[in-house]
Amino acid sequence: MTRQSFPLAGFLFALALSIGASDAIAEDYSVGTIAIGNPWTRATPKGATVAGGYMTISNKGSASDRLVGGSSAIAGGFEVHRAVMEQGVAKMRPVEGGLEVKPGETIELKPGVLHVMFTRLKQPLEKGQKVKGSLEFEKAGKVDIEYAVEAVGAPSPSPKSSPDPAMHHH
Ligand SMILES: [Cu+2]
């Protein structure tokens with residue numbers, strides 16, 4: 001960090017600013033051989049009881065690991081869900097036995113495919129908030145992370161992936 005003005009002002013300032021900005025947006029975490037990239041969730045409509053969490057999970061080790069649980073400050077429950085289409089209706093099912101991440105693999109949890117689900121939501125989520133949580137892996141153990149709250153309906157590849165009544169909840 002420097003408090004002096006730079007001789008190569010324009011270029012270097014732009015570089016410094018872009019590095020600072022990307023640090024602020026993309027949060028990465030790791031535990032053991034597991035790396036977590038950019039966890040995020042979405043603002044919730046009033047009265048919502050669940051919210052989905054998204055991120056990438058990479059396994060840099062030589063053995064499989066599994067996401068077996070987690071928690072967050074804003075919800076009473078935590079599950080891992082896979083989105084499925086059944087007769088044209090978007091539903092979701094718990095991933096039984098934990099979400100396997102094979103050696104060298106990166107799994108993307110994203111709307112319409114896979115997500116962690118915060119259940120028994122204690123408060124609405126608002127864009128710009130940060131939500132503290134943790135993930136637990138069978139081998140790598142527990143890691144504390146923070147989810148960035150994006151806008152309601154933020155990048156969703158499927159029009160049916162919003163938290164609508166057709167979704168299956170516990
Ligand atoms: Cu779900």
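The largest nonpolar core here has 25 residues, and Ile36, Ile57 and Leu67 have the most contacts inside it. A nonpolar core means buried Ala, Val, Leu, Ile, Met, Phe, Trp, Tyr and Cys residues joined through C-beta atoms within 7 Å. Buried means 20 or more other C-beta atoms within 10 Å of a residue's own, exposed means 12 or fewer, and partly exposed is in between, with C-beta atoms placed from the backbone. Elements giving two or more residues to this core include β2 (34-42), β3 (51-59) and β10 (130-137); strands are DSSP runs of E, at least two residues, numbered from the N terminus.

This is a predicted model: local features need pLDDT of at least 70, side-chain atom pairs count only at pLDDT 80 or more, and totals for chains, interfaces and linings use all residues. Residues are numbered from 1 along each chain as its sequence is written.

Contact means C-beta atoms, placed from the backbone, within 7 Å.

| Residue | In contact with (C-beta atoms within 7 Å) |
|---|---|
| Ile57 | Ile34, Ile36, Leu67, Val101, Ile107 |
| Lys102 | Asn59, Ser64 |

Lys102 sits in the loop between β7 (99-101) and β8 (106-109).

Now for β10. β10 runs antiparallel to β11, with 8 bridges joining them, and a hairpin of 3 residues links the two; pairing takes at least two DSSP bridges.

How values were computed:
Helix = DSSP H or I, 4+ residues; strand = E, 2+ residues; numbered from the N terminus. Contact = placed C-beta atoms within 7 Å. Lists of a residue's contacts leave out its neighbours within four places in sequence.
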